[in-house]
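Thanks for asking me to look this over with you.

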Amino acid sequence: MRGRAGAVAALALAAIGILAVPAHAFQVAVPTASPADTNAGQHSDVKLRIELSDGQVRDLDIHFPPGLVGDPNATERCTHAQFEGGGCPPETKVGASVTEATLLGLPQTLSGEIFNLQPRGEEPARLGIVTDTPGGPLRLESPVFLRPTDGGLDSQIRDIPNSFSGFPITITALETTLLGTTATGRAFMQNPTSCGPAPTVVDARSYADERASGSASFD
C-alpha cells in the first residue's frame with residue numbers, strides 16, 4: 001500500500017510539474033543592428049535584422065540610438081500615389097529588405113525595396129517598404145519620429161499582415177539595409193559623431209497581444 005501510495009504521489013507531482021511548465025511565449029531577437037563602418041560620423045549602410053518566434057507579429061517599434069540619423073533630403077520624395085501604384089522613381093530608393101516567413105508550412109524568402117516617401121502631418125520622414133510576394137507586391141509604410149528625450153529616431157510599422165490569400169503566414173525574420181549613400185550620390189545614413197555604445201531597441205506586439213523586446217548594440 002505504501003508503495004502504491006508513493007507511486008500515485010509521484011505521478012501527481014509529475015503532472016503538476018508538467019502543468020507548471022510555461023507555454024512558449026512570443027519572442028523577438030535583434031542579432032544585428034550596426035553600420036558596415038562603425039567609425040564616428042561615417043556614412044555607411046546600416047543593417048538591422050529582427051528574428052521572431054512563437055507568434056505572428058503585428059506591430060513593430062524600432063528605437064534607433066541617438067545620433068544614428070538619415071537625411072530625408074538625400075533624395076526626392078516618392079508620392080503616396082506613386083507608392084500605391086507601384087511607381088516610386090528608382091532615385092527615391094534608400095534601402096532594401098528581406099522577409100523570411102512560413103506559408104502553408106513552407107519557408108519563404110521575400111525580397112523588397114525601401115523608398116523615401118512624402119511624410120504625413122508633422123512627422124520628419126516616412127519610409128515605404130515594397131515586398132515582392134507570390135501574390136503581388138505587399139506595401140507597408142513606416143513613419144519616423146524624433147524622440148524628445150534624447151533626439152534619437154523611432155520608426156513604426158503597424159498591421160503587418162498575418163495572412164496571404166486566405167492562408168495564415170508567420171514572419172520569422174525581417175532584415176533591412178538602409179543605404180549610407182543613395183543612387184543620387186548623396187549621403188543618407190550617418191553614424192553618431194561621438195564614440196561609445198549605440199544600442200537599438202525593438203519592441204514588438206503579436207496578433208495575440210503578446211509583447212516582446214530585443215536589442216543589439218555597436219560601438
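1. Start with Arg147, whose side chain makes a polar contact with the side chain of Asp154 at 2.6 Å. A polar contact here is a pair of N or O atoms within 3.5 Å; within protein, one must be able to donate a hydrogen and the other to accept it, and residues adjacent in sequence count only if both atoms are side-chain atoms. You will find Arg147 in the loop between strand S8 (136-146) and strand S9 (153-157). Strands (E, at least two residues) are DSSP runs, numbered from the N terminus.

2. A word on the source: this is a predicted model, in which local features need pLDDT of at least 70 and side-chain atom pairs count only at pLDDT 80 or more, while totals for chains, interfaces and linings use all residues. Residues are numbered from 1 along each chain as its sequence is written, and side-chain values use heavy atoms, with hydrogens and water left out.

3. Is Arg147 buried or exposed? Arg147 is buried because its relative accessible area is 13%; buried means under 20%, exposed over 50%, and partly exposed in between (1.4 Å probe, protein chains only). Leaving aside residues up to four places away in sequence, Arg147 touches His63, Phe64, Pro65, Pro66, Gly152, Leu153 and Asp154, where contact means heavy atoms within 4.5 Å.

4. Next, the salt bridges: a search of the whole structure finds 15. Each is a side-chain nitrogen of Lys or Arg within 4 Å of a carboxyl oxygen of Asp or Glu. Glu100 lies in strand S5 (residues 93-103) and Arg49 in strand S2 (residues 46-53), so the pair ties together parts 51 residues apart in sequence. Arg49 is buried at 15%, whereas Glu100 is partly exposed at 25%. Both belong to a network of salt bridges that links Lys47, Arg49, Glu51, Glu100 and Glu175.

5. Another salt bridge joins the side chains of Asp61 and Arg158 (3.0 Å, N to O). Asp61 is in strand S3 (residues 57-63) and Arg158 in the loop between S9 and strand S10 (163-164), so this pair ties together parts 97 residues apart in sequence. Asp61 is buried, at 18%, and Arg158 is partly exposed, at 34%.

6. Now look at the hairpin formed by S13 and S14, with four residues between them. The two strands pair in the antiparallel sense over eight bridges; strands pair if DSSP finds at least two bridges between them. Thr200 stands opposite Ala216 in S14. In the turn, Asp209 has a positive phi of about 65°, and Asp209 also forms a salt bridge with Arg205, the closest N and O atoms being 3.2 Å apart.

7. Which residues make up the covered face of S14? They are Ala212, Gly214, Ala216 and Phe218, while Arg211, Ser213, Ser215 and Ser217 make up the uncovered face. In a regular strand the side chains alternate between the two faces of the sheet.

8. Finally, Ala208 sits in the loop between strand S13 (198-206) and strand S14 (211-218). Ala208 counts as exposed because its relative accessibility is 60%. Its C-alpha atom is separated by 8.8 Å from that of Val57, 151 residues apart along the chain.
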